[in-house]
Structures are given as structure tokens and as C-alpha cells.
Amino acid sequence: MKIQKLTIIIPAFNESEILVNSVHQLLAIEDQVAEQQADMLGMRADIVIVDDGSTDQTWSLVEKLHKENPRIRGLQFSRNFGHQAALLAGLQEAVKTADFLVTIDADLQDDPEKILDMVSMAMDGDEIVYGVRNNRESDTWFKRTTAQGYYWTLHALGVELVPNHADFRLMSKRAVNTLLSYPERNFFIRGIIPKLGFKTGEVDYKRTPRLAGESKYPLKKMLSFAWEGITSLTIAPVRLILCLGILACLLSIGMVIYAIVMKILGLTDHGWSSLMVSLWFVSGIQMISLGVIGEYIGKVINEVKGRPRYTIQTIIE
């Protein structure tokens, strides 16, 4: 498949400590790609950095990098809209000129050298190439266990997801345009891309620790992101509530029969413990059920409002 231009997209939120080093590494990677694919690519390769409302010097560095090298472009959000919005904004801007697009986080914990393999696979016809971690040795036991549990849960709920894949991937122009045609505001990119149906491939890599700065996904954000993925891709939790309701009704019928039998046999024991436990249990199920249903109703409201996913304050072409 002929490639005329490659663009690397970097979402960045408070990455001033590492951004310059990461950009220089990625420029070097693009130069290597250009050397390997000179007949197809030449020097038509650039980088788009999306500043997701950073409060440090990230945007100033983007402006400085652009002055030093016009291959560096930038988008600045008016505030923090989140990682997924930054990826979408970068894709929407870059797809105007690029034939293939790579997304990678600014910390470069994902191995940028694998971009060379991704491009080679794209030349062979793959329109989506996933970067997949081949181990989780750098993760804590808690993060490793919860991640495995999360993928298992999504699979059990019927969600098609690439295990151990985050947002390091290559996509063709056609695949990106198809992705951008999805209109929903509650966007979970890594769950939607497998639904596109194009020819895909995978490259394995070992994730490395951050060289500087802090992770932008603490436990609270990770849990929120996980819940967003579940509720954006499946209505299985609502169906689970229905099953719990049916089960509770069956149990209550069984308890009525049990109470009648005990009454006939004269074995009834007056007390309040079992009654209170039952009340608290049923009340808890009801509150959880209302919360899950409310979450889906909230998402419907957000979709009906039709608000933009993000607001761009500044563009460096």
C-alpha cells in the first residue's frame, strides 16, 4: 500500500518535563521510516501535539518546537477535555493531509521503535496496527491484577477489545475517517476501533517506566475510565439488573413457601435479624440498580444535547 505521508499524534497534558525529548525521538523515528521507505514516503512526515489544557509550560514548548522545526504542529484546547478527546482532535486535524496516522502518548512508555514495524505492516496491507504489551513486569501487582480483571469483565459482557492494548496504534486514512464518522459524545476509542472491521495486525513491545513526570492516570481516573468503557460499549449492566430482579423475586417466592411450611410445622421463630438483613440487602440492590440506570440516562442526556467533544483555542499549522 502506497504511503505518501505519515503523521504521529501526541496527546499531552502537563508533559513539559519530557515533551522535548519525546519529540526529538519521534522525529528520529520518522527519519528512519523515510530512509526505509524512501520510494514511498520521502520526507513527508510530521508530528501533531494536542495540548489537553495543560497548566505547565507544555504549550510554550510546542510553540518553540514549531519554530525550530515546521514539521511540528500543535493544537491547544481551551481547557482539559481528556485523553480521548485529545486523540480525536489530533486525528481529525492530521487526517486532512496524512495517509497513515500513529497515536502515542507523550511519555513514550510505548516503544516508539515499533512504529517502523507498524509502517512495514501498513505497506503490506494492514489498515490498523495495534501496539500490544507482551508483559506487565513494570506494573504493580494491584494494577496488573485489576487490568486482567477488567479485560475479563469486558469480554464476559460481550465487548470486543484488544487485551493489553492502550492507544498506541497506526491507522490508515480510511480507518480514521470511518472512526470519526461515529457521532457519539461518550467515546471510548479502543473499544470502537475493533468494530470498524478493517484488516488489522499487531506488534508486541515491552512497556518501559516513565523517564520523568507523573502518570496522568491515577487510580481514580483509571476506575472512571474503566467504567466509561463499560457503559459506552454495552448495556449488559442494565440486563444484569433485570436478572438480579428476577432472582430476587424467585427468592422471595421461595421464602414465602418456606415461611408457610414453618408455620404449619409450628417451627416459627420470632426475631428481627433476618428481616433487617433482608431489608438492607434489597435496599442496597435497589440503590445500585438506580445508580446504574441513572448513569445510562445521563449518557443519553449528553448525547441529546449534542455539545462539542472539545474546544480548540489555538492551532499551529
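How many bridges join strand β5 to β6, and do the two strands run parallel or antiparallel? In this predicted model, strand β5 (residues 128–133) is joined to β6 by 4 bridges, and the strands run antiparallel. Within this pairing, V129 stands opposite L170 of β6. Strand β4 (residues 100–103) also pairs with β6 in the antiparallel sense, over 4 bridges, and here V102 is the residue opposite L170. Of the 8 residues of strand β6 (residues 165–172), 7 are buried, so the strand is largely enclosed by the rest of the structure.

The protein chain contains 10 helices and 8 strands. Of its 317 residues, 44% count as buried. Among contacts with a separation of 6 or more, 84% are between residues 24 or more positions apart. The accessible surface of the chain is about 17,000 Å², and carbon and sulfur atoms contribute 61% of this area.

The structure holds 3 aromatic pairs. One of them is formed by F77 and Y310, with ring centres 5.3 Å apart and planes at 15°, so the pair is stacked. Because F77 lies in strand β3 (residues 72–77) and Y310 in the loop between α10 (273–305) and β8 (312–316), the pair ties together parts that are 233 residues apart in sequence. Both F77 and Y310 are buried. An edge-to-face pair is formed by F168 and Y205, at 5.5 Å centre to centre and 85° between the planes. F168 belongs to strand β6 and Y205 to strand β7 (residues 200–205), so this pair ties together parts 37 residues apart in sequence. F168 and Y205 are both buried.

Ring pairs also link F77, F81 and Y310 into a cluster. The charged end of R79 sits over the ring of F81, 3.9 Å from the ring centre.

Methods:
Residues numbered from 1 in each chain as written. Predicted model: local features only at pLDDT ≥ 70, side-chain atom pairs only at ≥ 80, totals over all residues. Heavy atoms only, no water. Buried < 20%, exposed > 50% of the residue type's maximum accessible area, 1.4 Å probe, protein only. Pairing = 2+ DSSP bridges. Contact = heavy atoms within 4.5 Å. Areas by Shrake-Rupley, 256 points an atom, 1.4 Å probe, with all protein chains shown as cover. Phe/Tyr/Trp six-rings, centres within 6.5 Å; stacked < 30°, edge-to-face > 60°. Lys NZ or Arg CZ within 6 Å of the ring centre and 35° of its normal.
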